[in-house]
Amino acid sequence: MKRNKTTHFMTGMLIIFFTTIFIILTGRFMYIQATGEIDGVSLKEFAEQKRTSSYTIPAERGRIFDKNGMTLAYDMPIYRMYAIVRKEYSENSEDPKHVVDPEKTAKVLAPILDVDESTILKPIKSGIEKNKFQVEFGKVGNEVSQHVKEQIEKLDLPGINFEEHSKRYYPNGTFASHIIGFAREEEFEKDGQVTNEIKGIAGMEHEMDDLLEGKDGYISYQRDKYNKKLLNPNEVIKRPENGDNVYLTIDQKIQTLVEDVLTQVEEEYSPERITAIVMNPKTGEVLAMGNRPSYNPNNPADVGNWYNDAVSTPYEPGSTMKIFTWAAAIEEGVYNGEEGFASGSYQVNKKTTPINDHNNGKGWGTISYDEGFARSSNVAAAKLVWEKIGPDKFLKYLHAFDFDKKTDIDLPGEVAGKILYNWPLEKITTAFGQGSTLTPIQQMKAATAIANGGKMLQPYVIDKIVDSTSGKVLEQKEPTVVGQPISEETATEVLSLMNSVVNSEHGTGEKFKLEDYTTGGKSGTAEIPNPNGGYLKGKNNYIFSFLGMAPIDDPQLVMYVSVKQPELEPQEVGSDPVSFIYRNVMQNSLHYLNINPDKEKEETEESLIKTKVPKVIDENTKDVEQKLVDSGLQVTVVGDGDKIVSANVHEGDMIIPQERVILVTNQPKMPNITNWSNRDVSQLADLLELKLETFGNGYATSQSIEKGAEISKDDYLAVELSPPGQDENSEKQKENIDTEERIE
């Protein structure tokens, strides 16, 4: 009886326990069914989330253009290749949608992707063994070009698919790379998820990143386990907001000329650094800016110089500083150009180091201050500051020319020079550009006051910001006068002195003469500080420079060139590489801008620099070609048609001989583009609406569309480029530059 009572008690307890559990579970189920929630999480929303796919629709990054609308940077589509390996994905499908034959797939893909078969076969087999839905191929499959994608698609390989994404692309290679900079895909966390986006790293890409990047959109829909849309997918789409477009003041023709000539000087003289700037002194627009070493923003590896030396590297300017020393003396009213002084050597007192002229202190006897400027006399500059202007007043002029501050140009990384002005010797040496430091852009800003009647302008490289969707101009830069350190009369007198440097019998700048324009300027030979004290010694250990403008009576262009430590032959001097750059760029740029020559010369065939383009569109092909060839132009006719439908020139354009004219007929066929410049190739692709992809930098050496092949809109054109000196045609290319025939 006792045992039965115990059994009944335990049975009752178990019944109560299980009944309680049942009631709790039933209540929980009923609660879940009634509320549709677990721990505050909606089951409906959870289920929808599990069966909903959501993808980002990336915004297209804004493009960067030159002032004439030539594309300098844009998002180029590339493709991620992946393989579907799960057999079930092909169910209910007439054709297989998964990889059926891994070995064959790898064998066919390997040569196209230029990899070993194992690189393709291994991930496919691994995915099949692990029952994965799809596999990817790492680096080899992440940046497939459109050309390669089209090749693979023609093979109709089951299971091989592509997903499009973007890569920032710079069609002109090293063109203005320190200005444009580069952007690349970066991985970072956004809204709790790791994502990849193209971000600006350097140059304008970095400076204008917020405007260029835009805002991503997204798409979401409900799908089955194979990621296929349901019949009623509840699709939601938010369209992306593309980034704004940035137009620069850079002129692609002038910039290309700068790049070509800098490359040639770099190859011939192997200097440590080269910098060149071309600016419109009437507006402050920077039309071209280049540095060497440079880099290709499409592949910024092994970069020799990240800095934009034009704005980021101050150094002792040398005798180009004398332009502003003489300007200060004239403006102060203490200058008499005909007054004589004893050249050679000058010592303020016994405690200061003597100042010597550049001919080892020998001088030229007693000469006038005007002649002292033409001969680049250090003694003349020192005496003007110490005896005529006075060091304190001279310092005020240094401040008036803004040599104590940044120019605030709209480029990242600007660093201002430093006025070294503590001791008497420092005050004197500053007069001829030693001790104190300046950047090239600081000198260019100050030079606008000389070229523009005393008014100093703000330099800038951004012309306007444009909405990429509507085309509306959101912001337009305008010329800004930021000071007037000297009067118009003083500016005119300084221009006359600069003229004497190039064109007088005593001038040091004879090598800088232009063929059709009167130019003036001031050369500089700046010493380079030795880390161990003093200055470096030796013929090559200088920064050779020139600051010039033309036409000298009313300058339309100002240009600064510096070449640091070139490797000179015994018969060569530092002004040789500098003058080569200056002459080529200034002569051709002035013609390109339709500036009337101010030198009279015989009208020979060589002197007919500019040719007016006749009407070409809708005209007979042979008639137009003959007219242009007779005018000395280099003409390429695209196709066999009898009528011209498009061209890279327009009626009334003034162009220089040997500039390539591309005429597209109504029956276009691919021309032979061997030895064409990157610029010519880009113009051809734009005219024919081809999808262009270039490899390398320089001049065309191969093309994917054969000569004579028929071409259609959106055809893919791949072009390999090689720099001058890399093939048998390099000498011809150099001759083109040397004879001032290349302006692309």
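At what angle do helix H3 and helix H6 pack, and how far apart are their axes? I will start there, keeping in mind throughout that this is a predicted model. Helix H3, which covers residues 102–113, and helix H6, which covers residues 146–155, pack at an angle of about 160°, and their axes lie 11 Å apart. Since angles over 145 degrees count as roughly antiparallel, H3 and H6 are therefore roughly antiparallel to each other. Their crossing is right-handed. On the H3 side the contact is made by Val-108, Leu-109, Ile-112 and Leu-113, while H6 contributes Val-148, Gln-151, Ile-152 and Leu-155. Sorted by class, this contact of H3 with H6 has 7 nonpolar residues, 1 polar residue and no charged ones.

The axes of helix H14, residues 378–389, and helix H15, residues 391–400, come within 7 Å and cross at roughly 115°. Here the contact involves Val-385, Trp-386 and Ile-389 from H14, together with Pro-391, Lys-393 and Phe-394 from H15. By class, the contact of H14 with H15 has 5 nonpolar residues, no polar residues and 1 charged residue.

Now for the chain as a whole. It has 22 helices and 33 strands, and buried residues make up 50% of its 744 residues. Its accessible surface comes to about 36300 Å², and 47% of that surface belongs to carbon and sulfur atoms. If we take the contacts between residues at least 6 apart in sequence, 70% of them join residues at least 24 apart.

Leaving aside residues up to four places away in sequence, Val-563 touches Pro-271, Arg-273, Ile-274, Tyr-542, Ile-543, Phe-544, Pro-577, Val-578 and Ile-581. Val-563 and Leu-262 are 301 residues apart in sequence, and yet their C-alpha atoms are 9.7 Å apart in space.

Another buried residue is Thr-429, in helix H16, residues 424–430; Thr-429 counts as buried because its relative accessibility is 10%. With residues up to four places away in sequence not counted, Thr-429 touches Ile-355 and Gln-434.

Next, the backbone. The peptide bond from Arg-292 to Pro-293 is cis, with omega near 0°, and Pro-293 lies in the loop between strand S14 (286–292) and helix H11 (309–312).

Asn-594 has a phi of about 60° although it is not a glycine, and its place is in the loop between helix H19 (575–592) and strand S26 (611–612). With a relative accessible area of 37%, Asn-594 is partly exposed. Glu-689, also a residue other than glycine, has a positive phi near 55°, and Glu-689 is found in the loop between helix H21 (678–688) and strand S31 (691–696). Its relative accessible area is 43%, so Glu-689 is partly exposed.

Methods:
Residues numbered from 1 in each chain as written. Predicted model: local features only at pLDDT ≥ 70, side-chain atom pairs only at ≥ 80, totals over all residues. Heavy atoms only, no water. Axes fitted to C-alpha atoms, helices over the stretch in contact; angles between N-to-C directions. Helix = DSSP H or I, 4+ residues; strand = E, 2+ residues; numbered from the N terminus. Parallel < 35°, antiparallel > 145°, perpendicular 65-115°, else oblique. Left-handed = near helix turned anticlockwise from the far one by under 90°. Contact = heavy atoms within 4.5 Å. Nonpolar A, V, L, I, M, F, W, Y, C, P; charged D, E, K, R; others polar. Buried < 20%, exposed > 50% of the residue type's maximum accessible area, 1.4 Å probe, protein only. Areas by Shrake-Rupley, 256 points an atom, 1.4 Å probe, with all protein chains shown as cover.
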